[in-house]
Amino acid sequence: MAKVIYGGQSYECGSDSVLDCLTARGVPIPSSCRSGVCQTCLMRAVSGEVPAQAQAGLKPTLAMQNYFLACSCHPQGDIEVALPEAGINRLAAEVVSVERLKPDILGIKLNPSRKFEYRAGQFLNLYRDESTSRSYSLASVPVMDESLAIHVRRVPNGLVSGWLFENLKAGDRIEISEAAGDCFYAPGNPDQDIMLIGTGTGLAPLYGIVRDALQSGHRGRLCLYHGSYDVYGFYMVEELRKLESLYPNFSYRPCVSEGDAPEGYAKGMVHEAALAEHPDLSGWRVFLCGNPLMVNAAKKQTFFAGASMREIFADPF
Amino acid sequence: MHSEYMLSMYSDSTTVCLDGKTTKEIKLSLYTDIGGEAAVNAAVDIFYRKVLKDDRINRFFEGVDMDKQAAKQKAFLTMAFGGPHNYTGEDMRRGHAHLVAQGLNDSHFDAVMEHIGATLTELNVPANLIAQAAAIAESTRKDVLGK
C-alpha cells in the first residue's frame, strides 16, 4: 500500500488523496476547493512518482519541479512530500572568479561541491552565516556553462552584498542553497514570441533564460528590455549585442527612465517602453525580473495587453 | 469526514428534481455543454481582466498575488459552470469575510455577475447556458456577502 512521507513521518495512504491522508491524521495542509483547481494545496514531491492527474492545470515550470496538487494526488507508490515553503538543502561551493561587471555589480562564478540541478533563471540563496543570506538569480545555463554565474548589486549597507564586495575572492568556499523558483524557460511551443523585461540585476536571470531558449532552438521572437535610471546602469551590453548579431530572432533594447535617452535607447519606464513597441501580447510568454514595483505593475499591464496569466513568469527582488 | 459538504447547497447533492434528474446530473451536463475545462481556461483570463479593470471592485484585489487569485477565479468559474468542486457555503463565508469587513456588498456582487455574463457572451456560449451558470453563481450570494 502506498505511503506518504511528510516531515519525517510515514502515513498509510490507501486510496485517499495525499491531502485527505495527511489532514485526516491532523497534519495541517492548506486547502480550499479540493477539486484540483484552486492550487491552494500545492505541494512538492521530494521523491517518488507524481501521478499526471495531480499536475493538471499547473504551470509547466511548477510541474517540472515535481510540484503537485495534494487534493488530486492519489499516489500509486510511496511518495515523500513537502510544502512549497519547506527549506531547501544547502551545500558548499568554491568561488571560481569574481569580476566587476560595473563599479556596483559583481559577476561571481561558483563551482558547487556536488551535483547541482538547476534551470537558467532560477535563484539560489547565498549564506554569509547561519542567519544571513540573500537570493541571487542564475545567469548561467547548465548545458553551456561549467560554473554557476550570479550577478550581485552592491546594496547600500547591504549585509551580504557589502561582505561579498569587500571580501570575496577566487578560491574561497561559501555556502549556497539548491536552486529554486519557477521563472525559467520551459521547452515547448518553440514559435511562441517571448517578452523579457528587467531592471538592474534582473538582467541576470533574463540573460540566462534568453541563452537557454536560444540554445534549445527557440524560433519565436525574444524581445529583451533592460531598464536603468541612466545610460551608466547598463552592463553585459557587448555580450547582448553579440547575441543579437548571431540570432535574428533576439533583440535587446536598453531603456533609460530618467534624463536623456541617446540614439538606440528607449525612454521611460521599461515595461511601458516595451508595451509601447509591442501593444498586443496575446499568445506571448512573458518574463519579468527585478524591481518589485516594476514587476508588479508589468504583471498587470502585460496581462491587460493580452498575455495569459499562465504565461507570465515573474521574479521580483 | 466530509458529511457536512453533503448538506451544502453548492455541493453535488443528490436532490431529485421534477424531471427525475438529480441536480448533480444537471450541473455536470451544463459543464459538458459549456465546454468543460477548456472553456474555464478560456474564460478565466477574460473574466479576471474584466474584474481587475473594473473600478467598482478592483480595490478588493489590490496587493493580492495575481497567480493565486487567477487560480481561485478558475475554481469559482468551474463551480459556476457546473463543474466538479467541493466548495461549501461555509468556505464561501470564510473566504470572503475579510472583504465583507472592507465593505463588500450586493453592488459588488452584481458587478461580478455582470462580468461572468459578459465573459460567456464573448466566448459565444448560448444564452440558456449562460443563464444556468449565472443561477449557480447567484446561489452563492448570501454566503459570499456573509448574510
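## Salt bridges within chain A

In this predicted model, A:D193 and A:R221 form a salt bridge whose closest N and O atoms are 3.1 Å apart. A:D193 belongs to the loop between strand 11 (173-177) and strand 12 (194-199) of chain A, while A:R221 belongs to the loop between helix 4 and strand 13 (222-228) of chain A, so the pair ties together parts that lie 28 residues apart in sequence. The two partners can also be described by their accessibility: A:D193 is buried, with a relative accessible area of 19%, just under the 20% that sets the limit for a buried residue, and A:R221 is partly exposed at 38%.

A salt bridge also links A:D145 with A:R211, and here the closest N and O atoms are 2.8 Å apart. Because A:D145 sits in the loop between strand 9 (132-137) and strand 10 (148-153) of chain A and A:R211 sits in helix 4 (residues 203-215) of chain A, this pair ties together parts that are 66 residues apart in sequence. A:D145 counts as partly exposed, at 24% relative accessibility, whereas A:R211 is buried, with a relative accessible area of 11%. A further salt bridge joins A:D172 to A:K169, with 3.2 Å between the closest N and O atoms; in this case A:D172 counts as buried at 18% relative accessibility, and A:K169 counts as exposed at 51%.

## Salt bridges across the whole structure

Side chains of opposite charge can pair when their charged atoms come close. Over all chains, a search of the whole structure finds 24 salt bridges, and the count between chain A and chain B is 4. The side chains of A:K300 and B:E62 meet in a salt bridge, with a distance of 3.6 Å from N to O. In chain B, a network of salt bridges links B:D106, B:D110, B:E138, B:R141 and B:K147.

## The interface of chain A and chain B

Contact between the two chains involves 19 residues of chain A and 21 residues of chain B, and the area buried between them is about 1,900 Å², of which carbon and sulfur atoms give 57%. On the side of chain A, A:R34, A:F303 and A:F304 supply 31% of the area that this chain buries against chain B, more than any other three residues. Across the same interface of chain A and chain B, the rule finds 12 residue pairs in polar contact, both residues being at pLDDT 80 or more. Helix 7 of chain A gives the most to the side of chain A that touches chain B, with 4 residues.

A:S308 is found in the loop between helix 7 and strand 17 (312-316) of chain A, and its side chain makes a polar contact of 2.6 Å with the side chain of B:D45. Once its neighbours within four places in sequence are left aside, A:S308 is in contact with A:F303, B:D45 and B:R49.

## Aromatic rings and the charges over them

The structure holds 5 aromatic pairs over all chains. In the pair of A:F303 and B:Y48, the ring centres are 5.5 Å apart and the planes stand at 50°, so the pair is tilted. Since A:F303 lies in helix 7 (residues 292-304) of chain A and B:Y48 in helix 3 (residues 36-53) of chain B, this pair joins two chains. Both A:F303 and B:Y48 are buried, and together with A:F304 they form one aromatic cluster.

B:R49 lies over the face of A:F303, at 4.5 Å from the ring centre, and the charged end of B:K53 sits over the ring of A:F304, 4.9 Å from its centre.

## The make-up of chain B

Chain B has 8 helices and 0 strands. Of its 147 residues, 48% count as buried. Among the contacts in chain B with a separation of 6 or more, residues 24 or more positions apart account for 76%.

## A glycine in a loop of chain A

A:G77 lies in the loop between strand 4 (67-69) and strand 5 (79-82) of chain A and is partly exposed, with a relative accessible area of 32%. Apart from its neighbours within four places in sequence, A:G77 is in contact with A:A2 and A:K3. A:G77 and A:E166, which are 89 residues apart in sequence, are 51 Å apart in space from C-alpha to C-alpha.

Key:
Residues numbered from 1 in each chain as written. Chains lettered and ligands numbered in written order. Predicted model: local features only at pLDDT ≥ 70, side-chain atom pairs only at ≥ 80, totals over all residues. Heavy atoms only, no water. Phe/Tyr/Trp six-rings, centres within 6.5 Å; stacked < 30°, edge-to-face > 60°. Buried < 20%, exposed > 50% of the residue type's maximum accessible area, 1.4 Å probe, protein only. Lys NZ or Arg CZ within 6 Å of the ring centre and 35° of its normal. Contact = heavy atoms within 4.5 Å. Buried area = accessible area lost by both parts, 1.4 Å probe. Polar contact = N/O pair within 3.5 Å; in protein donor to acceptor, adjacent residues only side chain to side chain.
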